[in-house]
Amino acid sequence: MVIPKLHYISQGNSPKEHLDNIQKACSSGVELVQLRLKDVSEKKTLKIATQAREITSHFQTRLIINDYYKIAKTVKADGVHLGKTDVCPTLARKHLYTWQMIGGTANTLQDCEALLDKQIDYISLGPLRATTTKANISPILGLKGYYAITDVLKTPIPIIAVGGITTDDVADLLEAGISGLAVSEVITHNFDSIKTFNQLLKASVTAEQRYTFE
């Protein structure tokens, strides 16, 4: 399973704003969107996830749902992202379609190693720096923290960096052995930054476009 290199984590002050921002991210060329709603009931999340699936399908963008693996299955999203306090990925795997991906959150080397045994498809490791999008933030890793983990952790599973990432961080994170990035704030403030992120990541979408135009 190929995991896209750039993930947009949805942001907005209302469900409608989340959907509007998802549409903008898709039309700006992002390859994967994570629907991340907080303090919204499961019933409401299902409704919004259904609408998000319609938008992402139209653009042929992948969609993963944060936390709710049953909703991910119901709307036939491309997968689910599970935080450290969510259901165990091994249990979620039993309920999902075989083609659906599972991402897991990690903050330490121990977290990463624990996830390796749990049938996940990628590890979301962070935060790089402090961010306003998340309450109760885990200890900041910084670039040194990523190096400390990637130097020891030998795994083919892609590691996606998260947490206050800007376009200026891309080269350093790739150098540290990171496979891709999950970005929320910077993209929400400027959807044109997706193009820059894609070029810096040499994401497949830009390679395909270049190939088509030659």
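Modeller: Let's sort out one term before we start: a residue is buried under 20% relative accessible area, exposed over 50% and partly exposed in between (1.4 Å probe, protein chains only). The model is predicted, so local features need pLDDT of at least 70 and side-chain atom pairs count only at pLDDT 80 or more, while totals for chains, interfaces and linings use all residues. Residues are numbered from 1 along each chain as its sequence is written, and side-chain values use heavy atoms, with hydrogens and water left out.

Colleague: Okay, so is K16 buried or exposed?

Modeller: K16 counts as exposed, at 57% relative accessibility. K16 forms a salt bridge with D20, and their closest N and O atoms are 2.9 Å apart. The term means a side-chain nitrogen of Lys or Arg within 4 Å of a carboxyl oxygen of Asp or Glu.

Colleague: Where do D20 and K16 sit?

Modeller: In helix α1, residues 15–27; they are four residues apart there, so about one helical turn separates them. Helices (H or I, at least four residues) and strands (E, at least two) are DSSP runs, numbered from the N terminus. D20 is partly exposed, at 32%.

Colleague: How many salt bridges does a search of the whole structure find?

Modeller: Six. Another one of them joins R53 and D78, with the closest N and O atoms 3.2 Å apart. R53 is in helix α2 and D78 in the loop between α3 (69–74) and β4 (79–82), so this pair ties together parts that are 25 residues apart in sequence.

Colleague: And is D78 buried or exposed?

Modeller: D78 is buried, with a relative accessible area of 18%. R53 is buried too, at 14%.

Colleague: What is R53 in contact with, leaving aside its neighbours within four places in sequence?

Modeller: T61, L63, V75, K76, A77 and D78. Contact means heavy atoms within 4.5 Å.

Colleague: Which residue does K84 form a salt bridge with?

Modeller: D111, the closest N and O atoms being 2.8 Å apart. This pair links distant parts of the chain, 27 residues apart: K84 is in the loop between β4 and α4 (89–95), and D111 is in helix α5. K84 is partly exposed at 48%, whereas D111 is buried at 17%.

Colleague: Changing topic: how many aromatic pairs does the structure hold?

Modeller: Two. Y8 and F191 make an edge-to-face pair, 6.0 Å centre to centre with 70° between the planes. Y8 lies in strand β1 (residues 6–9) and F191 in the loop between α8 (185–189) and α9 (193–201), so the pair ties together parts that are 183 residues apart in sequence. The other pair is Y97 and W99: their ring centres are 5.3 Å apart and their planes are at 5°, so they are stacked. For the cut-offs, rings of Phe, Tyr and Trp (its six-membered ring) pair if their centres lie within 6.5 Å; planes under 30 degrees apart are stacked, over 60 edge-to-face and the rest tilted.

Colleague: Is Y8 buried or exposed?

Modeller: Buried, with a relative accessible area of 0%. F191 is buried as well, at 12%. Y97 is partly exposed at 28%, and W99 is partly exposed at 42%.

Colleague: Last one: which residues are buried in helix α6?

Modeller: In α6 (residues 142–150), they are G142, G145, Y146, I149 and T150. The buried residues of α6 pack against α5 (109–116), β6 (122–125), β7 (159–162) and α7 (170–175).
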